[in-house]
Amino acid sequence: MVFLPESSLIIGHGGFGFNTNIFETNIINLAAVVGIVVSFVGKNLSSLLEDRKNTIVKNLQEANQRAIEAEEKLNAARAQLEIAKKKAQEIREEGVLRATQEINNVVSQHELRLARLEEFKQETLDFYQQKAFKQAYMYVINKIMTRVRERLNKGLDSTYHVVVNNFYVSRFTQF
């Protein structure tokens with residue numbers, strides 16, 4: 001590589017030459033490109049940026065609106081939850097009340113049935129007691145009647161006849 005003392009090669013006297021300094025060339029090229037881009041694409045780029053800005057603002061507004069709606073729905077859901085909790089508590093209390101009433105009702109019916117059963121038991125005992133007394137009475141009467149028949153069939157002897165007469169006479173004198 002050979003370095004030339006001058007950084008540009010000039011052809012002719014006034015004219016045209018090549019700049020061999022890359023940094024300077026890059027700056028000139030960059031300035032030219034930026035100038036062309038700004039002049040041709042600048043309006044389009046600014047309108048694209050403006051559209052993008054409007055889209056972002058619109059999306060943020062929609063997101064904010066959705067957040068507000070979501071907050072309202074959340075508040076409504078919380079209110080419904082509170083109402084449901086109150087209703088569930090009322091249902092529980094009503095269930096406990098009904099259960100208590102049903103228990104009391106069943107207990108009173110059970111006590112009534114026990115009273116009827118006790119009454120029926122007493123009536124049954126009285127009935128069988130009367131039946132037993134009647135059977136015992138009939139047995140005693142039958143035994144007495146059987147003995148009386150036997151005595152009557154044997155006949156009355158004179159000593160027995162005197163005893164029976166004395167018995168009835170003593171009974172009449174007591175009155």
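## Val41 and its helix

Val41 has a relative accessibility of 38% and is therefore partly exposed, a class that lies between buried (under 20% relative accessible area) and exposed (over 50%), with a 1.4 Å probe and protein chains only. Val41 belongs to helix α1, which covers residues 22–154; helices are DSSP runs of H or I with at least four residues, numbered from the N terminus.

This is a predicted model, in which local features need pLDDT of at least 70 and side-chain atom pairs count only at pLDDT 80 or more, while totals for chains, interfaces and linings use all residues. Residues are numbered from 1 along each chain as its sequence is written, and side-chain values use heavy atoms, with hydrogens and water left out.

## The annotated span

An unreviewed UniProt entry gives residues 27–45 the annotation "transmembrane region", and such annotations may be inferred rather than shown by experiment. In the model this span is 100% helix and 0% strand, with 23 Å between its end C-alpha atoms.

## A nonpolar patch

Val41 is also one of the residues of a nonpolar surface patch of about 650 Å², together with Val33, Ile36, Val37, Phe40, Leu45 and Leu49. Such a patch joins nonpolar side chains within 5 Å, from residues with over 30% relative accessible area and no salt bridge (a side-chain nitrogen of Lys or Arg within 4 Å of a carboxyl oxygen of Asp or Glu).

## Aromatic pairs

Two aromatic pairs, with ring centres within 6.5 Å, are found in a search of the whole structure. The ring centres of Phe127 and Tyr128 are 5.3 Å apart and their planes stand at 70°, so this pair is edge-to-face, a term for planes over 60 degrees apart. Phe167 and Tyr168 also form an edge-to-face pair, because their planes are at 70°, with the centres 5.4 Å apart. Phe167 is partly exposed at 45% relative accessibility, and Tyr168 is partly exposed at 44%.

Notes:
Rings of Phe, Tyr and Trp (its six-membered ring) pair if their centres lie within 6.5 Å; planes under 30 degrees apart count as stacked, over 60 as edge-to-face and the rest as tilted. Helices (H or I, at least four residues) and strands (E, at least two) are DSSP runs, numbered from the N terminus. Patches are made of residues with over 30% relative accessible area and no salt bridge: like charges are joined within 9 Å, nonpolar side chains (Val, Leu, Ile, Met, Phe, Trp, Tyr) within 5 Å. Accessible areas come from the Shrake-Rupley method with a 1.4 Å probe; for residues, only the protein chains shown count as cover.
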